[in-house]
Amino acid sequence: MPPPGRITFPPRSADEFPKGTLMKLYSGPVSLFSRKVEIALHEKGLPFEQILVPFTQTNGYSPKNPDVLAINPKGQVPVLVDGDLSLYDSTVILEYLEDAYPEPALYPKTPAERARSRLFDVFGDEIMLAPLRFLMHRTEPKPDDLTGWEAKELKAREAEPVLAGHFAELDRALQGKDYLCGAFSAADIAVFMAVFWSRRLGGPSLRGYDALAAWYARLSARPAFAKVVSEILAADAELSAPVEEAFRE
Ligand SMILES: N[C@@H](CCC(=O)N[C@@H](CS)C(=O)NCC(=O)O)C(=O)O
């Protein structure tokens, strides 16, 4: 086992896991929540079998994978199968991974710090997701009749300053810090995904948010993040419409 906090990438060999005990992750090629779990698995050095469910920008997650439907009443990915345990919801999965495979730790040690880390998870997954949803049409093919598209763009333009406000809050939280909750933690994974998704969808620039930009670069350089980001960008090149202001400077 590596010492706590150490990056264990590339993952431990699948041979270390007896036949049939390798975890399975049902994931989506451009699923924010599935990719969040993949980063956690890579950070923990845990090998897994990745099962990418069908997804297109025109039909979404259809047809649904039958295993996902059987395990998750919401029919959503990510779904993790570890032995006889089947789980859904990225946050539940991250907390299980921490309990079952504690090293390297992805949550702080004290109850207060652990709770703060979980609040950042909510901030990324729910608070930032609310305005982000208004940008999601941008990876879909533009229809011939642009009326509906233009209406969505009006909403997106209203959501962008909300996201910029969240960037400002994060920038304040990161003043003088390398990570959101002391050492690197699950908080950084969840919030990174929301910031990355915002940039991927042509959301606000990081200019002027120096602490946030430095944190974003610091995480992007971690092998686990770099691997997952490159997989998402490769999936976008195949599946998604190009977004005009993606990753704007
Ligand atoms: N709160 C859930 C959200 C999962 C979620 O929204 N998954 C999306 C992909 S990112 C999905 O499967 N959508 C298909 C659907 O809702 O039918 C989590 O954290 O796992």
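User: Which residues sit closest to the ligand?

Analyst: This is a predicted model. In it, the closest residues are Ser31, Phe33, Tyr61, Gln76 and Ser90. The ligand is surrounded by 13 residues.

User: Which helices supply at least two residues of that shell?

Analyst: Helices α1 (32-43) and α3 (90-100) each do.

User: And how does the shell divide into nonpolar, polar and charged?

Analyst: The shell has 5 nonpolar residues, 6 polar ones and 2 charged ones.

User: Let's step back. How many helices and strands are there in the protein?

Analyst: The protein has 9 helices and 4 strands.

User: In what order do the elements run from the N terminus?

Analyst: The order is β-α-β-α-β-β-α-α-α-α-α-α-α.

User: What about the overall size? What radius of gyration does the protein have?

Analyst: The radius of gyration is 18 Å. A compact globule of 249 residues would come out near 18 Å, so the two agree. The C-alpha trace spans about 55 × 45 × 30 Å along the principal axes.

User: What share of the residues is buried?

Analyst: Buried residues make up 35% of the 249.

User: And the contacts: what share of those between residues at least 6 apart joins residues at least 24 apart?

Analyst: That share is 76%.

User: OK, strands now. Which way do β1 and β3 pair?

Analyst: They pair antiparallel, over 3 bridges. Strand β1 covers residues 23-27, and strand β3 covers residues 79-82. Leu25 has Leu80 in β3 as its bridge partner.

User: What joins β3 to β4?

Analyst: There are 4 bridges between them, and these strands run antiparallel too. Strand β4 is residues 85-88. Leu87 in β4 stands opposite Leu80.

User: How many residues lie between β3 and β4 in the hairpin?

Analyst: There are 2. Gly83 is in that turn and has a positive phi of about 65°.

User: How exposed is Asp89?

Analyst: Asp89 is partly exposed, because 18 other C-beta atoms lie within 10 Å. A residue needs 20 or more to count as buried.

User: Where else is there a positive phi in a residue other than glycine?

Analyst: Phe247 has one, near 55°. Phe247 sits in the segment after α9. With 14 C-beta neighbours inside 10 Å, Phe247 is partly exposed.

User: And cis peptide bonds? What does the bond between Val77 and Pro78 look like?

Analyst: It is cis, with omega about 10°. Pro78 belongs to the loop between α2 (66-71) and β3. The peptide bond from Glu103 to Pro104 is cis as well, with omega near -5°. Pro104 is in the loop between α3 and α4 (111-127). Most peptide bonds are trans.

User: Switching to α8. Which of its residues are buried?

Analyst: Leu212, Trp215, Tyr216 and Leu219 are the buried ones. Helix α8 covers residues 210-220.

User: Why do they count as being on the same side of α8?

Analyst: Because they cover an arc of only 100° around the axis. An α-helix has 3.6 residues a turn, so residues three or four places apart point the same way.

User: What is exposed on the other side?

Analyst: Asp210 and Ala217 are exposed there.

User: Which helices do the buried residues of α8 pack against?

Analyst: They pack against α6 (147-173), α7 (186-200) and α9 (223-239).

User: You mentioned α6. Where does Glu160 lie?

Analyst: Glu160 lies in helix α6. It counts as partly exposed because it has 18 C-beta neighbours inside 10 Å.

User: What does Glu160 touch, leaving out residues up to four places away in sequence?

Analyst: Glu160 touches Gly203 and Pro204.

User: And how far is Glu160 from Ser205 in space?

Analyst: The C-alpha to C-alpha distance is 9.9 Å. In sequence, Glu160 and Ser205 are 45 residues apart.

Notes: Residues numbered from 1 in each chain as written. Predicted model: local features only at pLDDT ≥ 70, side-chain atom pairs only at ≥ 80, totals over all residues. Rg over C-alpha atoms; globule rule 2.2 N^0.38 Å. Buried ≥ 20, exposed ≤ 12 C-beta atoms within 10 Å, placed from the backbone. Contact = placed C-beta atoms within 7 Å. Arc of directions from axis to C-beta. Near = placed C-beta within 6 Å. Nonpolar A, V, L, I, M, F, W, Y, C, P; charged D, E, K, R; others polar. Pairing = 2+ DSSP bridges.
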